[in-house]
Amino acid sequence: MSDRESRLALRIGEYQLVAIILGAAVTLVITVAPFLSYGYRNEDLHTVLETAASIVSGLAAYLIFGRFRRSGTLADLALASALWLLALANVAAALAPVFS
């Protein structure tokens, strides 16, 4: 690894650390401060988000399954199965308000 690459890797690590600290601080402030509202309930928006998450995870599972068919590794099969399960869980979460 050259000197330039090591400096770049260190800089990226610093950015990651700043992002982690900033995210943790914002999460802590929103959790502790009762006067801050971080969201509201919108059933239509949640349905759209769950549907999008289902489509994306299903597409990713399909692509990983294609990689499994080429490589035959158990890790690819496990990842594809987990993504399919995630897609099905998102579909169930999206449909839960309809049937309750």
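Mentor: Contact here means heavy atoms within 4.5 Å. The model is predicted.

Trainee: By that cut-off, which residues is Asn90 in contact with, leaving aside its neighbours within four places in sequence?

Mentor: Asn90, which sits in helix 3, is in contact with Glu50, Ala53, Ser54 and Ser57. Two residues in that list, Ser54 and Ser57, are among the buried residues of helix 2.

Trainee: Why is Asn90 called buried?

Mentor: Its relative accessible area is 13%, and buried means under 20%, so Asn90 counts as buried.

Trainee: What covers the buried residues of helix 2?

Mentor: The cover includes helix 3 (74–99). The buried residues themselves are Ser54, Ser57, Gly58, Ala61, Ile64 and Phe68.

Trainee: Is Leu63 buried or exposed, and what makes it so?

Mentor: Leu63 belongs to helix 2. Its relative accessibility is 54%, and exposed means over 50%, so Leu63 counts as exposed.

Trainee: Which residues make the nonpolar surface patch?

Mentor: Leu63 is one of them; the others are Leu59, Tyr62, Phe65 and Trp84. The patch covers about 550 Å², and helix 2 supplies its largest share, four residues.

Trainee: How do you know that the reach of helix 2 is close to the expected one?

Mentor: Helix 2 (residues 43–71) has 29 residues, and at 1.5 Å a residue 42 Å is expected. From first C-alpha to last the helix reaches 41 Å, which is close to that value.

Terms used
Residues are numbered from 1 along each chain as its sequence is written. This is a predicted model: local features need pLDDT of at least 70, side-chain atom pairs count only at pLDDT 80 or more; totals for chains, interfaces and linings use all residues. Side-chain values use heavy atoms; hydrogens and water are left out. The expected span of a helix is 1.5 Å times one less than its number of residues. Buried means under 20% relative accessible area, exposed over 50%, partly exposed in between (1.4 Å probe, protein chains only). Patches are made of residues with over 30% relative accessible area and no salt bridge: like charges are joined within 9 Å, nonpolar side chains (Val, Leu, Ile, Met, Phe, Trp, Tyr) within 5 Å. Accessible areas come from the Shrake-Rupley method with a 1.4 Å probe; for residues, only the protein chains shown count as cover. A salt bridge is a side-chain nitrogen of Lys or Arg within 4 Å of a carboxyl oxygen of Asp or Glu.
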